[in-house]
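Here's a quick briefing on the fold and its helix packing. Have a look at the model first, then go through the points below.

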Amino acid sequence: MRKYELTDSQWEKLKDMMPSNNRPGRPWRSHRQSINGILWILNSGAPWRDLPERYGSWKTIYDRFRRWQRDGTLAKILTLLQLNFPAVTATENYAPVTSEQPLHQSVS
């Protein structure tokens, strides 16, 4: 097991709550592999395009991250694992602006 990856006991807690693929076409990549890729990004702070290839395509993992963020699956995963990434569990913005002032004068 590598740094930031799920342990077998963590995966056992999660695997039954993962969404199923009811869509026609190519089967989904392993949920465990996708979660490991998401955790790698969240913990490392690296850009999505720097995701190691062992987790699959960065675009696939990012798309799954956004889908799970929107439908609440990601919040459930992080809660179950007792991990706290507040900006990630927000449903509207990945990195919300915390200042009430515009970032640049041209924005106002």
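The chain has 5 helices and 0 strands, where helices (H or I, at least four residues) and strands (E, at least two) are DSSP runs numbered from the N terminus. Along the sequence that reads α-α-α-α-α. Keep in mind that this is a predicted model: local features need pLDDT of at least 70, side-chain atom pairs count only at pLDDT 80 or more, and totals for chains, interfaces and linings use all residues. Residues are numbered from 1 along each chain as its sequence is written, and side-chain values use heavy atoms, with hydrogens and water left out.

**Whole chain**
- Of the 108 residues, 31% are buried, meaning under 20% relative accessible area with a 1.4 Å probe, protein chains only.
- The accessible surface is about 7,500 Å², with 47% of that belonging to carbon and sulfur atoms; the areas come from the Shrake-Rupley method with a 1.4 Å probe.
- Take the contacts (heavy atoms within 4.5 Å) between residues at least 6 apart in sequence: 50% join residues at least 24 apart.

**Helix 2**
- Helix 2 covers residues 31-44, and its end C-alpha atoms sit 20 Å apart, which agrees with the 20 Å its 14 residues should span at 1.5 Å a residue (the expected span is 1.5 Å times one less than the number of residues).
- Because 10 of those 14 residues are buried, helix 2 is largely enclosed by the rest of the structure.
- The buried set includes Ile35, Ile38, Leu39, Trp40, Ile41 and Leu42, along with His31 and Asn36.

**Helix 2 against helix 3**
- These two pack at about 90° with axes 10 Å apart, the axes being lines fitted to C-alpha atoms over the stretch in contact and the angles running from 0 to 180 degrees between N-to-C directions.
- That makes helix 2 roughly perpendicular to helix 3 (65 to 115 degrees).
- His31, Ser34, Ile35, Gly37, Ile38 and Leu42 in helix 2 touch Ile61, Arg64, Phe65 and Trp68 in helix 3.
- By class, that contact has 6 nonpolar, 3 polar and 1 charged residues.

**Helix 3 and helix 4**
- In helix 3, Ile61, Arg64, Phe65, Arg66, Trp68 and Gln69 are buried.
- Gly72 follows helix 3 and has a positive phi, near 90°.
- Helix 3 (residues 58-71) packs on helix 4 (residues 73-80) at about 90°, with axes 4 Å apart.
- Helix 3 and helix 4 are therefore roughly perpendicular to each other.
- Phe65, Trp68, Gln69 and Asp71 in helix 3 meet Thr73, Leu74 and Ile77 in helix 4.

Technical notes
Buried < 20%, exposed > 50% of the residue type's maximum accessible area, 1.4 Å probe, protein only. Parallel < 35°, antiparallel > 145°, perpendicular 65-115°, else oblique. Nonpolar A, V, L, I, M, F, W, Y, C, P; charged D, E, K, R; others polar.
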